[in-house]
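Subject: Handing over the structure

Dear colleague,

I am passing this structure on to you, and I would be glad if you could read the notes below with it open beside you.

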Amino acid sequence: MSFTIPKEIYSGKIKEMSVGNGDKSVKVGGESTFPFLTFEGEIPNIPRIAVEITDVYPEDWADPLKSVYGDIMKDVSGWAKYVEEKIKPDMLALRLIGTHPDRQNRSAIEAADTVKKVVDAINIPLIILGSNHVEKDTEIIQKCAEAAKGKSAIIGKAQEANYKTFAAAATSCGHSIIALSDLDINLAKQLNILLTQSGFPAEKIFMDTMSSALGYGMEYTFSVIERIKIAALMQNDTMMQMPIVNDVGIEAWKVKESKDTTTEVPMGVMWEAITSMSFLSAGGDMLIMRHPEAVNIIRKTVNKLYIK
Amino acid sequence: MALSGIQIFKYLPKTNCGKCKFPTCLAFAMKLAAKQASLDDCPDASNEAKEILGAASEPPIRLIKIGTGEDLYKVGEEAVMFRHEKTFYNPCGFSRMIKDTDSTDNIKLIISNLNDFVYERVGQHLKVDIIYIKNESGDKDKFVNTVKLVQAGIKRPLILDSSNIDNLKAALDICADKKPLIYAANEDNYETMTALAKEKGCSLVVTSIQGGLEALSVLTEKITGLGFKDIVLDPASKSLSSLVQELTQIRRAAIKKSFKPLGFPVIIFSGRYSDGDRLLEANISAIGVSKYASIIVMNDTSREIMIPLFAMRQNIYTDPQKPMQVEEKIYKIGEANEDSPVLITTNFSLTYFIVAGEVENSKVPSWLVVANVEGLSVLTAWAAGKFTPEKITKLVKESGIESMVKHRKLIIPGYVAVLSGGIESKLPDWKIQVGPREASGIINFLKNYAA
Ligand code: B12
Ligand code: SF4
């Protein structure tokens, strides 16, 4: 028996998306093979990393995160600048957690004002995230989208209950959307269908299939991503060919283990890195992360995997 | 590859003699295909039939055992490319590298750390599974002494690595009964190495000096030709990107093409690609966990590296048809007492972990009653008719919670608010309170609740 490399034939391809303007713009997705497998298809863009900041001081963030940034976190534009200059991610993710009714319940105008400040502070592309409160996100997203008009940002997260508002906001201001579904491949597809049927271009949708942290359901996210990529690449299902975003930082730093700071490197850093790596192995195209050291580990690994 | 009943039938005597206790050879063939009978039951089966059907019934990736008795670690026997198709079966083993050039004190310290490090998670006791001893010095005495030191200090399956056969023999003289995995046979030494492994009853890593999977498969064919099959592959990939690609190619060749020469578990060395960076090494190991490594050798096994890797392995290797579960009981969170709130949830480990985590984060000491609904989430269990007023009533009555708290207030998940009427009518002393739908609302809920 002699060995021949067993290759898969892919009939589909993930859509390649462009975010941001000018020389800092970033391309995401575009692959025509499973992760790492460049011997049988193209991976034109390495997985992208966005680093997360919040509109209000994040009281609830774990200590190792707070100590990385210190007081900078109290000034959103300073924080945004710091991230761009020091961590150098592909994108910045601004989470408007202060708009949540259980938090500061900030208004659409206040939120839009924060978006404007961040837009003015950075050159890299921006991801604008609400607080995942369906009604409140619906209320604020149009104004926030306007505050970044023309910047080719990404706004999220559109859910089944509010996708129309997101689609309208994104269309009127030239942004893309992150569509969030509940850890279920059929629901993910359903939302993409609803969005495109409402007239929103498929070329501007990112999928968030809901990320769960390592040890807390990571395997569900992992398998949902793998199944989506199989449908997208092998069955050429055009409603599954949107790049996948994994919102890792928020999940990874929430778990009990990440509060352990008795080790040399805080456990949360590794929790975030390895959760991220798990999703990249399944087929994630973009990560939203928090800790610079975790970002660093992922970046080094990705460089070794993809850059010859 | 599995054969169909018709394919198997071709190899049977076709006399319908009935000695196998089946009326016809075809009926027997069907049972064989369904793995409900054994070819041994047909006394007239030819040797050819035994060989062909025997090979066909072998798993596409051979099961390999390292160690013996309580210190036995099994790898291989995987059957799928993607975990959702069936399940990843034998969890990859994490192996700690110890070099004989290290000082005795340092080796003792590593051993004592490994002994101390047992981590409990979802009912499993996790530890670094295997110890890898490398004859880095090339010196026989140093190697043997290190093996002695490790054996005296810790009970774990071993891997012995030396490029010098005499050194390996000397080390095996003191530990062959523990059935260590031997590293490694290559083009130059495979005959003596295979003879040694055969003699000692150990498994053997095979690696090609020439490199590449073609050369590796030529080599394993030569070795299996010598009548030895207990092989572990080291693809010795030149870069991280070729490693992950070759891991996939090996798995695919074995499973999808039934390519026997690569139908063995694979050992990887994360440190070969990490430039001495221990965090990068850990992350590379993580790729190994999800992408088909069976043994992962690491230079650093600190807590912050192993605990996430243990969690990842648990996730990747859970049976997707059988969710991870926690025990049905009352969990005490914080210094809960007779006035503390009582919450109820299901025993799906994910649900339990999320809810318990949020209750803990609220810093409000509480009792969490966990119902056995066969590992389903709250909504799924409700939809499946397993999380019902009857079930909850029975649990409240039988769990002992009524003697643990003075009050009679039970907090149920917001998604199953509809259950409250039903529970209250069955548990008239109890007042049912509907909690938030999402666990993220629990912190606020409990803070206000306690106040
Ligand atoms: C994965 C899944 C499955 C898996 C099961 C996995 C498992 N171990 O449970 C499988 C594929 C087996 C399955 C089967 C079924 N499922 Co199902 N499933 C899901 C899915 C996608 C995710 C469930 C999950 O894991 N959630 C995560 C866990 C952590 O959530 P949770 O347990 O509810 O806990 C949260 C809250 O309830 C809260 N919480 C939990 N405990 C407590 C306690 C207190 C005190 C408080 C305050 C809060 C709280 O905190 C948690 C985090 O926020 C959901 C859709 C969805 N996204 O919800 C459908 C879903 C639950 N399934 C559904 C159905 C109908 C079924 C089936 C009956 C048929 C079907 N359609 O497939 C079967 C029944 C199973 C059976 N054995 O007969 C429906 C239920 C609809 C309804 N409202 O009645 C859902 C909602 C899908 C849908 N939209 O149709 N399912
Ligand atoms: S014992 Fe063998 S030959 Fe006889 S009926 Fe069974 S399969 Fe056929």
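Predicted model: local features only at pLDDT ≥ 70, side-chain atom pairs only at ≥ 80, totals over all residues.

Residues are numbered from 1 along each chain as its sequence is written, chains are lettered from A and ligands numbered from 1 in the order in which they are written, and side-chain values use heavy atoms, with hydrogens and water left out.

The contact between the chains (heavy atoms within 4.5 Å) takes 52 residues from chain A and 55 residues from chain B. The size of an interface is often given as the accessible area lost when the parts come together. Here the area buried between chain A and chain B (the accessible area, with a 1.4 Å probe, that two parts lose on being put together, summed over both) is about 4,700 Å², and carbon and sulfur atoms give 63% of it. On the chain A side, Met1(A), Phe3(A) and Lys304(A) lose the most area to chain B, together 16% of what that side buries.

In chain A, 8 strands form an open sheet with parallel pairing, in the order β8-β7-β6-β5-β4-β3-β10-β9. Strands are DSSP runs of E with at least two residues, helices are runs of H or I with at least four, and both are numbered from the N terminus; two strands pair if DSSP finds at least two bridges between them. The edge strands of this sheet are β8 (205–208) and β9 (245–247) of chain A, each of which pairs on one side only, and the twist averages 25° from one strand to the next. Angles run from 0 to 180 degrees between N-to-C directions, with axes fitted as lines to C-alpha atoms, for helices over the stretch in contact. Strands β5 (residues 126–129) and β6 (residues 154–158) of chain A run parallel and are joined by 3 bridges, with Leu129(A) standing opposite Gly156(A) in β6(A). Helix α5 (residues 163–173) of chain A packs on the sheet, where it touches β6 and β7 (176–180) of chain A, and its direction makes about 170° with that of β6(A).

Chain B is divided into domain 1 (5–57), domain 2 (64–316) and domain 3 (330–450), with bounds that come from an automatic or database domain assignment. Chain B also has an open sheet of 5 strands with mixed pairing, in the order β13-β15-β14-β16-β17. Strand β13 of chain B is joined by 4 bridges to β15 (residues 366–371) of chain B, and the two run antiparallel; in β15(B), Leu368(B) is the bridge partner of Tyr331(B).

Arg96(B) lies in strand β3 (residues 93–99) of chain B and counts as buried at 13% relative accessibility, where buried means under 20% relative accessible area, exposed over 50% and partly exposed in between (1.4 Å probe, protein chains only). Val205(B), in strand β9 (residues 204–207) of chain B, counts as buried at 0% relative accessibility, and the residues it touches include Leu181(B), Val232(B) and Ile267(B).

Finally, the structure holds 0 disulfides over all chains, a disulfide being a pair of cysteine sulfur atoms within 2.5 Å. For Cys173(A), the nearest cysteine sulfur, that of Cys144(A), is 10 Å away, and Cys173(A) counts as buried at 3% relative accessibility.

With best wishes

Methods. Lists of a residue's contacts leave out its neighbours within four places in sequence.
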